[in-house]
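Reader: Please take me closely through one part of this model: the place where the two chains meet. Keep it brisk.

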Protein chains: 2
Amino acid sequence: MAGNDRFVNQIADINGDYTKWYTDVCLKAELCDYGPVKGTMIFRPYGYAIWELIQAEADKLFKAHGVSNAYFPMLIPQSFLMREAEHVEGFAPEVATVTHVGDAELSEKLVLRPTSETIIGSMYSKWISSYRDLPLKLNQWANVVRWEKTTRPFLRTSEFLWQEGHTAFATPEEASADAFEMMGVYKQIANEVLCLPVLCGQKSEKEKFAGAVATYGMEAMMKDGKSLQSGTTHYLGDNFARAFDVKFLDKDGTHKYAYQASWGISTRLIGAIIMAHGDERGLCLPPRVAPVQAVVIPIGAAKNPAAGERAAALKAELAACGMRVTLDERDCSPGFKFNHWELRGVPVRVEIGARDIDAGVMTVCRRDTGEKFTMPLEDAGTRISALLTEIANNMFKKASDFTAAHIVRADNLADMEKALDGGNFCDSYWCGDRECEDKIKQLYSASSRVMHEDQSDVSKHKCVCCGKKAKRRIYFARAY
Amino acid sequence: MAGNDRFVNQIADINGDYTKWYTDVCLKAELCDYGPVKGTMIFRPYGYAIWELIQAEADKLFKAHGVSNAYFPMLIPQSFLMREAEHVEGFAPEVATVTHVGDAELSEKLVLRPTSETIIGSMYSKWISSYRDLPLKLNQWANVVRWEKTTRPFLRTSEFLWQEGHTAFATPEEASADAFEMMGVYKQIANEVLCLPVLCGQKSEKEKFAGAVATYGMEAMMKDGKSLQSGTTHYLGDNFARAFDVKFLDKDGTHKYAYQASWGISTRLIGAIIMAHGDERGLCLPPRVAPVQAVVIPIGAAKNPAAGERAAALKAELAACGMRVTLDERDCSPGFKFNHWELRGVPVRVEIGARDIDAGVMTVCRRDTGEKFTMPLEDAGTRISALLTEIANNMFKKASDFTAAHIVRADNLADMEKALDGGNFCDSYWCGDRECEDKIKQLYSASSRVMHEDQSDVSKHKCVCCGKKAKRRIYFARAY
């Protein structure tokens with residue numbers, strides 16, 4: 001963050017040009033920048049710090065679920081991709097290939113991992129030989145490469161950062177349960193850490209992961225009513241075990257294929273935070289992933305040194321309470337500083353001026369509501385800490401209310417079009433046929449997102465598209 | 001770590017076949033495995049956990065030095081490498097190149113970063129425009145690819161994990177000081193975290209980084225008397241600033257090139273730990289980076305449940321004191337368990353049997369010395385915690401004594417040969433000419449490592465190789 005006045009915080013109107021607003025926030029809040037190669041991006045310190053905080057929270061939860069971290073090579077023999085028919089079909093077009101080292105051509109072409117089921121499968125076949133080697137639950141934090149035609153910072157870039165969990169079990173039930181349970185962990189991260197309400201459920205055949213038996217998705221509603229897929233878990237059955245010969249000797253003395261699951265969340269979550277919580281003033285960060293949770297700004301410190309001293313003491317007090325806090329002593333106007341930190345989404349701003357000190361108070365401004373009020377300086381740590389919790393709760397409630405208000409029941413195509421154009425998700429019934437998904441995609445650029453959690457009485461309803469007997473209740477939405 | 005008896009801990013004799021001993025420790029302690037592509041490796045959970053602990057310690061120190069983390073793309077336009085003449089010459093032969101995505105050929109060839117001076121330089125030219133943007137101190141934790149002909153786990157693999165710090169300053173003095181200071185940080189990590197004595201100093205022209213003005217190296221002595229380069233820092237002058245047009249408007253109103261430094265440590269440090277501290281029983285881990293600092297083993301728990309209960313209580317007590325501790329309740333013999341944890345280098349083993357409980361003691365075994373003794377169970381947390389500190393101090397002292405005992409003054413080639421063959425570093429004087437370095441390399445497969453910290457009275461001495469007047473006091477050694 002440059003310590004100077006040159007920077008002007010003008011961002012596009014969120015209600016006017018949402019796309020430009022998003023790009024403006026990404027660049028002007030210094031979350032990221034474009035890389036020299038088309039479709040690549042740089043995580044600048046402020047954006048990367050958000051990712052580090054997400055990582056720390058997620059890593060703790062994974063480890064509590066008995067998962068260990070490991071690291072597998074990024075370069076995968078091209079032939080590995082070919083072994084699982086659906087997998088290669090799904091990923092081949094977007095895979096980057098290494099053919100040369102220096103001037104020498106490689107004897108076997110290598111691909112940059114788009115995901116690591118194949119290389120991890122090849123190692124699991126070596127490590128797993130007995131039922132005693134199961135379950136095996138590994139995760140890696142890594143970069144992956146998927147070459148995309150249309151790219152946007154955080155949402156879709158040719159390289160991104162993520163974690164990928166890969167688990168193996170003796171039975172299909174355990175592997176399937178793992179995919180389901182890890183979706184629960186992702187939901188917990190979304191709700192509690194990112195203040196993000198999400199819809200979780202199984203994906204359709206069309207939308208599932210290439211090579212999976214079943215994919216579960218976590219969908220978050222952005223402020224334009226579009227959906228952002230924010231995490232997926234996959235039950236892989238024995239598809240990769242068969243492709244890579246992952247077999248074990250079971251207790252009953254017979255050799256069996258292992259059953260696997262995989263699951264991932266990525267730096268896309270930063271895009272979700274930006275678009276679900278941001279507003280006309282810029283970013284609005286959930287307190288648990290805010291690199292700066294509170295900024296303390298002395299007012300009139302040039303004329304009144306006491307304001308600067310009291311602000312510094314307050315900063316130290318908040319830091320001692322474990323908060324991530326910054327003191328902004330720069331030589332520029334309060335208004336400039338307010339804009340600077342609002343654009344960057346800092347949850348709490350504290351101003352300390354002569355009048356505050358005389359009254360024994362601090363002036364506090366909440367980023368989530370914009371409310372400005374005074375609080376006693378006494379026990380400031382406890383007060384601000386409680387305020388951060390309140391802000392988190394309010395952010396989750398606001399986003400939940402927004403999401404609930406923008407889910408519309410649509411029982412026919414006319415209603416669906418209206419709902420989608422109004423910036424809503426459609427809560428619909430569906431016959432289960434791919435043709436209807438394709439038609440909806442073609443007509444309205446919307447896709448099925450996840451199954452509704454309530455699948456009771458589905459057969460009493462008709463498909464939103466073809467009118468045949470429904471087999472599923474499912475959400476349709478436009479999506480990133 | 002598989003919970004069964006199949007595993008036999010046999011490793012090669014460290015005093016017989018050191019190379020095989022190293023590989024055995026890597027594989028049998030489950031630190032790593034070979035990847036499917038030649039020259040690649042997998043970090044298994046136990047090895048990766050060591051890296052995570054090194055990362056956490058280093059990251060804290062970097063941040064305390066005002067460095068922020070960021071992340072830059074892995075794919076660099078091939079043309080970027082060409083812009084700095086020495087840089088491309090040094091790295092081109094070992095660079096992997098991406099030419100295709102799916103079936104389509106890329107319009108510009110991309111290389112997998114061997115290091116990121118070029119791509120970061122290109123971004124610095126965009127971000128730095130005024131003296132107020134300086135200093136800029138960024139670091140990234142990343143994977144890099146350097147294709148090597150001869151590879152060994154942790155020491156030399158085609159992909160490895162590291163951190164690379166890239167800093168920019170207004171003056172050469174500041175940039176040069178940064179390279180020097182960060183070497184001090186690396187030394188602190190080596191000494192305090194890894195219990196590793198190191199020799200730090202400037203490298204010769206021949207051994208410096210491709211594109212640097214000056215390189216500083218940190219060299220650690222392995223138990224075979226060979227040196228392992230364990231970290232480097234580079235003063236880059238304005239070489240990359242000129243190549244990438246990193247200019248700023250200074251206070252005096254003129255445009256100037258920025259001066260840069262870069263610095264890195266890698267997963268090679270795990271190799272250093274293995275080879276500097278390991279012994280005939282396997283790995284011996286410095287307590288601060290040991291994934292398991294203490295293992296508690298109940299003795300005779302099958303007959304005497306009290307031993308199991310007391311062991312579990314002790315495990316909980318040590319964990320509550322912040323130690324990383326494991327309870328080994330597996331159904332296998334104590335001897336098997338002792339081997340298992342000794343091979344894995346766990347600093348402290350605690351045994352609890354009926355006799356221990358009756359006497360109110362625990363039986364403690366130190367991995368560093370092999371000593372076995374009893375300690376009161378009372379205040380076990382404080383006692384084991386203090387023991388871990390003592391173990392760390394002793395490991396550093398032992399390695400320091402070993403290093404000191406194997407640095408031999410060599411004033412002529414005959415002495416040098418004898419010293420090197422005896423598994424020593426040579427403390428020698430040198431004329432400064434590349435020819436002498438080349439000759440020593442050719443004759444004895446040894447290279448200059450770093451300058452000696454004491455360069456006084458150098459001119460009174462003669463070059464170890466050619467006998468001409470010396471210009472430098474420098475270490476020569478065989479190296480990994």
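Author: Val101(A) stands opposite Ala96(B), a residue of E5(B). Strand E5 of chain A (residues 96-101) and E5(B) run antiparallel, joined by 5 bridges. Strands here are DSSP runs of at least two residues, numbered from the N terminus, and two of them pair if DSSP finds at least two bridges between them.

A word on the basis. This is a predicted model, in which local features need pLDDT of at least 70 and side-chain atom pairs count only at pLDDT 80 or more, while totals for chains, interfaces and linings use all residues. Residues are numbered from 1 along each chain as its sequence is written, chains are lettered from A and ligands numbered from 1 in the order in which they are written, and side-chain values use heavy atoms, with hydrogens and water left out.

Now the whole interface. In chain B, 56 residues are in contact (heavy atoms within 4.5 Å) with 56 residues of chain A. About 4,500 Å² is buried between the chains, and carbon and sulfur atoms give 63% of that area. Buried area is the accessible area (1.4 Å probe) lost by two parts on being put together, summed over both.

Charges come next. Chain B and chain A share 4 salt bridges. The term needs a side-chain nitrogen of Lys or Arg within 4 Å of a carboxyl oxygen of Asp or Glu. Glu52(B) and Lys63(A) form a salt bridge through their side chains, at 3.4 Å from N to O. On the side of chain B that touches chain A, strand E5 (residues 96-101) gives the most, with 6 residues.

Methods: Helix = DSSP H or I, 4+ residues; strand = E, 2+ residues; numbered from the N terminus.
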